[in-house]
Amino acid sequence: MTLAVKCSGTEAALRDCKSEQWGLYSRLQSHEAGVICSDHRSPRLTSGDSPCSGRLEIQYGEYWGTVCDLDWDLKDANVVCSQLQCGVAMSAPRYAHFGEGIGLIRSDIFECIGNETSLLDCRLFQGTQQECSHRNDASVICSGKHGPRLVDGMNRCSGRVEVLHRDQWWTLCDLYFDMEDANVVCEHLQCGTVNSIPGGAHFGKGTGPMWKENYRCRGNETRLWDCPLSSWDQFSCSHENDASVICTGTVICQEPFKIPIPPFDLITYL
């Protein structure tokens, strides 16, 4: 006997869907329904000092597992930050920087370009010959849900300034952006101190909305969101005025040594 169901997609279980009575329909076996589900990889950051930093863990079904830090780099971490809507990656610490996890250890090797929106979109190698333990748990430090980023520069510590607000990246006006503001951006991104603030969309024009408030930083804040804000009644900036920053620092995380990746067991369970 068969059952015809009609689900809206929001039900928690199949039994909650609308259906006719059992046995009302008779179908050949060739019409029996089947389902192929995608592997669920939802990341989270734990044991950090904010929701946007911590030890990386990935959910597979009912279980959470840590990720082996072999070949773990800033590009991979940047995808995690993007997926969690936590800005951009500032660092990809290795060697259980936020403490050792327990349980499953994923030995997947993520080879991300860095602009993917989900770890699912990254190229994936399954395991290595190197045995991983929780001493090798990978970690991520993001700029934060309202943090800045530098775009289209020479490295991650230079570029057009953009801030994350309501899931959109906004550019800043160079008419209201000074050295004190720039110094906080560099400090926030762990990029040293400010070198220069070239104006006139030095690193190209942005495409998103423009931030219509002025950061009034003193220069000694460690996060951009710690700076006071003031609104401008007459805002006359366009993307011709996109602010830019060149910091003294460059990429601060150590790039792991790349090795050939032969097949190996996918999960280590400690």
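The protein contains 2 helices and 18 strands, where helices (H or I, at least four residues) and strands (E, at least two) are DSSP runs numbered from the N terminus. The structure is a predicted model, in which local features need pLDDT of at least 70, side-chain atom pairs count only at pLDDT 80 or more, and totals for chains, interfaces and linings use all residues. Residues are numbered from 1 along each chain as its sequence is written, and side-chain values use heavy atoms, with hydrogens and water left out.

Of the 270 residues in the protein, 47% are buried, that is, under 20% relative accessible area, with exposed meaning over 50% and partly exposed in between (1.4 Å probe, protein chains only). Among contacts (heavy atoms within 4.5 Å) with a separation of 6 or more, 69% join residues 24 or more positions apart. The protein exposes about 15200 Å², and carbon and sulfur atoms supply 50% of this area, as computed by the Shrake-Rupley method with a 1.4 Å probe; for residues, only the protein chains shown count as cover.

A search of the whole structure finds 2 aromatic pairs. Rings of Phe, Tyr and Trp (its six-membered ring) pair if their centres lie within 6.5 Å; planes under 30 degrees apart count as stacked, over 60 as edge-to-face and the rest as tilted. Trp170 and Trp211 make an edge-to-face pair, at 5.7 Å centre to centre and with 90 degrees between the planes. This pair links distant parts of the chain, 41 residues apart: Trp170 belongs to strand β13 (residues 168–171), whereas Trp211 lies in the loop between β14 (194–196) and β15 (213–215). Trp170 counts as buried because its relative accessibility is 18%, and Trp211 is buried with a relative accessible area of 9%. Trp211 also pairs with Tyr215, in a stacked arrangement with 6.3 Å centre to centre and 10 degrees between the planes.

The loop between β16 (229–231) and β17 (244–247) holds His239, which is buried at a relative accessible area of 18%. A polar atom of the His239 side chain lies 2.7 Å from the backbone oxygen of Gly208. Leaving aside residues up to four places away in sequence, His239 touches Thr171, Ala201, Lys205, Gly206, Thr207, Gly208, Pro209 and Met210.

A further ring is that of Trp64, with Arg44 over its face at 3.9 Å from the ring centre; the criterion is NZ of Lys or CZ of Arg within 6 Å of the ring centre and within 35 degrees of the ring normal.

Note on methods: A polar contact is a pair of N or O atoms within 3.5 Å; within protein, one must be able to donate a hydrogen and the other to accept it, and residues adjacent in sequence count only if both atoms are side-chain atoms.
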